[in-house]
Structure formats: C-alpha cells, structure tokens
Amino acid sequence: MDLNSIYTQLIMEHNKSGHNKRALCNPDVCERGHNPSCGDDITLELKLNGNIIEDASFEGVGCAISQASTSMMIDLIKGKTVDEALEMVEKFLGMIKKEITDEKELEKLGDSIVLQNISNMPARVKCAVLSWHTLKEAVS
Amino acid sequence: MLNFDPEKLKKDFPIFNQEINGRPLIYLDNGATTQKPNQVINEIRRYNETSHGNPHRGAHQLSIRATEEYDNAKEKVKSFINAKSIEEIIFTRNTTESLNLIAYSYGMEFIKENDEIVIAISEHHSNIIPWQKVAKDKNAILKYMYLDEEGRIPIDEIESKITSKTKLVSIAHMSNVLGTIHPIREIIERAHELGAVVVVDGAQSTPHIKVDVQDLNADFYVFSGHKMLAPMGIGVLYGKKELLENMPPFLTGGDMIEYVYEQDATFAPLPFKFEAGTQNVEGAIGLGAAIDYLQSVGLNEIEKYEKFLVEYALNKILDIPYVNIQGPKDLSMRGGIISFTIDDVHPHDISTILDSYGVAVRAGHHCAQPLMRYLELPATARASFYLYNTKEDIDQFIEGIKNVRKWLGYGS
Ligand SMILES: Cc1ncc(COP(=O)(O)O)c(C=O)c1O
Ligand SMILES: [Zn+2]
C-alpha cells in the first residue's frame, strides 16, 4: 500500500480547509451518520428549495478520509437536484466497489474521484462512504 | 537484569517471520489479541494428531485421553491463578461469555429491586451491557465510579459509590484503554465489609501480571485465552465454590446434567454444571500450553519487562510536543498499554500511517464508549505491548509517530 495514493494533496486540503464545515441556519434536513467502530461522526445539513439542494454543510469529527470525503461531496451536490445527488451517490459507491471504472462516467464525481484508491484499503472504506450513505438516508 | 532475551524469544513466534509493507512486523495490538508461539501451535497439533475425542462421553481410548488432557489444562489454569480447586474453574469462550454467565446466573438470581451494582466508567462494553440488562430486568440501579484526570479511581469515589446498598461490584483489574491498574484489593475489601460480591475482569491483567485469586480474595475473576498466547474461543471463569454452588445453570443441555426426566433434570456438580455442550477442548489444550510458556518465562519477569518497555516508550513520547498521553503518569499504576492522540490527526489516520511503517496499533473507542465520552475524546490510538516486543519495536513505533503529521500536511 502506498500512503501517497491515500493521503493526496486534495484530501489534505479538503481535510484542513473546513469551508463546508459550519452550521446552516434553519436547515431543512439534518442527518447524522457515524462509524461506531472508529469514531467518525458527522451531521449533514441540507437547505432545500423544492427539489434543489440550495446549500449544504456538515459538522462533526472524524478522520481525514471521512472529513475530506464529506467536504468533496458537499462541493459536488450544491445546486443539484435531489435526484442528481442520488445518482452521484450510486456512482460513488459503484466506484468504491470497483463496479464502475469507466473514467468518463466517473468524471462527474469531481474531486471525489481521488478516493478511488481507498478500495485497496478495506479498513478505511467505511470512512470514505460515510457521508454518501448519510446523504442517501437524508434525502430518500 | 532480565532472565530472558526478548530477541530470542520472538523467534518462538512464527508470525514474525514476515514483513508488512516491506518492513518487519511490529505488533503493538496485544490488548486486542496476542500471537502464538510454536509451543502452543505444536501442542494443539499434537492433541489433534493423537488424542482428539469427545471428553467425558465415552469409554474408548480417545475419549479417555481427551478427558485427561482437558482436565489437565484446567489443572494448569487452577495453579496459574491459584484457585483452591478445579471445581472453581469453568471454561467459557471468552471474557464476555464469562461476564454474561455471572450476570445471568448470579445477577438475575441474587440482585433484587433497588439493589445497587457498581462498575467503573472505564469498563469494556462487555462489563457494562450485561449489568445494564440485570439492572433493567430487576429494577436495580447501575452506578459508576468516575476517574481522576490521570485515569485512576480515587479512594473517596470508591467509598462514596460502594455502600450498604451495593450488592455487586464489577471492575477491570487493568483498563484496556488507559492501562491503569485499578486498586482492586481496596475495592474488594470495601465491598466485602459491606456484604457485596466482586467480579474482576482480568482480560488485560491475567496475561501480564501475576494473579492470585485467593490473595486478592476476588469472588469472580474472568479472562480470555486469546490475549495470553492461546487460541481464540477459550476463556475462563473463576468463581468461589460456595458462590458457584448456589448459582443456577446458565446454558443447559448435554454434559451439564446428572439425571434427566421428561419434565425435569438434576445438574452435574461443579465445574460441569456450567459447561453445557461439547467444549473447546483444543482451545483448552492451547491455553494450558500458553500457561506453561508464560510460566517458563515467569509472570514477574514479564511484568518487569513490560514496565521497562512502557517507560522507554513514554520517555520518548513525552519529548514529542504534539503527542498527548492518556492514563496515569505513575508507572507503578499502569501496565503495558499507551493510549495517545496526536494534535490535528484523527486516530484512524494514525493507525493507517503507522501500518505503512509496519507498526500495528489499534484506533477507535476500544469498546469503551462511556469512557471516551467521559474523556471527551472521539477516539484514541493505542499501543499495547507483550513479552515479544523489543526496544527496537518501540524505536520503530516512535519513528512512525514522528512522521504522522507530515502525511497530513502539517509541519512536524
Ligand atoms: C478489559 C476487557 N474486558 C473484556 C474484554 C472482552 O474480551 P473478549 O472479547 O475476549 O470477550 C476485553 C477485550 O478486548 C478487555 O480488554
Ligand atoms: Zn475514519
């Protein structure tokens, strides 16, 4: 295993930046997700306008992978419809399970594509998928 | 001076004949489970090749041999913890099953409404949840002893929580998170003065320090084989005979009976009353071999050596400003466990990064969520030592620690 393929520049930046880590005032949806075995614990907050995710943020604690994954996901889903977001969830989970490998198809995942390598580290897969599962719970 | 050479002893453990990520395997997760020496592996093999049968069930040679070997393993456990007789030694699967047996059999029978059960906030989930169940079912009260800032139970906490209302105290001899060795002698004395029985969770202590159940005067003492060089799936419940005799069976079925009628049954004498169904005989043989191995080194030697390792590690860690240590500073109050955090880095990442240096440590809540909440920590990383660890292991561990922050883009 190569640490360089896990702790990439992008993951470090998202982990440190915290630009999506804040409380929304009056969110329409608040969904908590946690990995009890390891202590990642996030709350995803969404502001909806009809079917559109107008704003999103998260609060909580966790490892660099879970924090970065959450932050990248939020960048991606802001301004999208709920259905588009759900489609992305499936794409992301498909990428992690190595079911979707087509570069073109994965392009839509933006920065999140750097988490592709996490599938080589079974112990950390849960960290990467936490926010995506939480999003799915929140909107479906 | 040590009377054993850890470097040489390590050669008894075949698992170390491999590399992890191109580096020697440095195993510092002994609090979770330990590795097996050839002496244990070979003994299980010998048993399977020569003596395997169902004990206590047949008059043929193999059944007789298996019975002898099983009883012999129990004899070894008895001497190891200095119980009075093998009637007081019950084989279970692990610490968790032993604690459940006590909770369901002793707890459900003898704990009554408004009685109090006292445990510490630092307990492992397996020493919390069975008591929650007893407290709920019996309308009893589950009370916690809290720790001071160094992870110790203050004497006044013991005195204020253990009172004449207390019927049972259950406490870990050594904390699996903080490494604190709790003052169980004082706790047992106090509880006995007030008429309460004491259960000691010896999962972390039995492998590492000399345990004498009579000297401690513990009512129950429980531990797991897999944390002391033996296989998974074999554990021990020690209980004072007079207590075990008055307790109803926990699991029922074959082997634990005397006579069975259509509507009723009478039960076998101790210890078989609590050993229903076919037991883990090869596990018991493995545990016997592990005890032989530990005794050939000597528990006092092991304890002394682990103290040396902890002191060596702590001295190095305390020089690193961004590493924070949990648990007592006083070495006489702690065993070979160091829980730590690193500024700005989640313990998960610590564990992944150390793994790339070949160093195995555990990260998480260590099955002690109430303690983590009490300490206001989401998780810690934990290094836990055993007799096969060396100074060089610790050097490699420290080297890894010094590199952790770099990987997450922080200057050291
Ligand atoms: C203090 C303590 N109690 C109980 C247990 C549970 O042991 P087991 O999983 O072998 O039942 C452990 C093991 O992690 C422990 O450290
Ligand atoms: Zn994580």
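Predicted model: local features only at pLDDT ≥ 70, side-chain atom pairs only at ≥ 80, totals over all residues.
1. A:C63 sits in the loop between β3 (52–61) and α3 (64–77) of chain A, while B:H348 belongs to helix α12 (residues 347–356) of chain B, so the pair joins two chains. Helices (H or I, at least four residues) and strands (E, at least two) are DSSP runs, numbered from the N terminus. Both A:C63 and B:H348 are buried, where buried means under 20% relative accessible area, exposed over 50%, and partly exposed in between (1.4 Å probe, protein chains only).

2. Conventions. Residues are numbered from 1 along each chain as its sequence is written, and chains are lettered from A and ligands numbered from 1 in the order in which they are written. Local features need pLDDT of at least 70 and side-chain atom pairs count only at pLDDT 80 or more, whereas totals for chains, interfaces and linings use all residues; side-chain values use heavy atoms, with hydrogens and water left out.

3. The sheet in chain A. Three strands of chain A make an open sheet with the order β1-β2-β3 and antiparallel pairing. β1 (29–35) and β3 of chain A are at the edges, each with a single partner strand, so one side of each has no neighbour in the sheet. On average, neighbouring strands of this sheet are turned by 20 degrees against each other, direction ignored. The axes are lines fitted to C-alpha atoms, for helices over the stretch in contact, and angles run from 0 to 180 degrees between N-to-C directions. β1(A) is joined to strand β2 (residues 40–49) of chain A by seven bridges; two strands pair if DSSP finds at least two bridges between them. Within this pairing, A:V29 stands opposite A:L46 in β2(A).

4. Strand β10 of chain B. Which way do the residues of β10(B) point? B:G235, B:L237 and B:G239 point one way and B:V236 and B:Y238 the other way, and all are buried. Five of the five residues of β10 (residues 235–239) are therefore buried, and the strand is largely enclosed by the rest of the structure. Strand β4 (residues 89–92) of chain B pairs with β10(B) in the antiparallel sense over four bridges, with B:F91 opposite B:V236. Strand β9 (residues 220–224) of chain B also pairs with β10(B) in the antiparallel sense, over five bridges, and here B:F220 is opposite B:G239.

5. Strand β8 of chain B. Five of the five residues of β8 (residues 197–201) are buried, so this strand is largely enclosed by the rest of the structure. B:V197, B:V199 and B:D201 point one way, B:V198 and B:V200 the other way. The pairing of β8(B) with strand β7 (residues 166–172) of chain B is parallel and runs over five bridges; B:S170 stands opposite B:V199.

6. Cavities. There are two cavities of 30 Å³ or more. About 60 Å³ of space lies in the largest cavity, and its lining residues include B:H208, B:E303, B:E306, B:K307 and B:R334. On a 1 Å grid over the protein atoms alone, a cavity is a set of points where a 1.4 Å probe fits but cannot get out, and lining residues have an atom within 4 Å of a point. Grid points are joined across faces, edges and corners, and a volume is the space filled by probe spheres set on the points.

7. Backbone points to check. Most residues other than glycine have a negative phi, and most peptide bonds are trans. The peptide bond from B:L270 to B:P271 is cis, with omega near 0 degrees; B:P271 lies in the loop between β12 (265–267) and α10 (281–297) of chain B. B:N114, in the loop between α4 (95–110) and β5 (116–120) of chain B, has a positive phi of about 70 degrees. B:N217 has a positive phi near 65 degrees and is partly exposed at 34% relative accessibility.

Note on methods: 1 Å grid on protein atoms, 1.4 Å probe; cavity = no way out; pocket = protein on both sides within 12 Å on 5 of 7 lines; lining within 4 Å.
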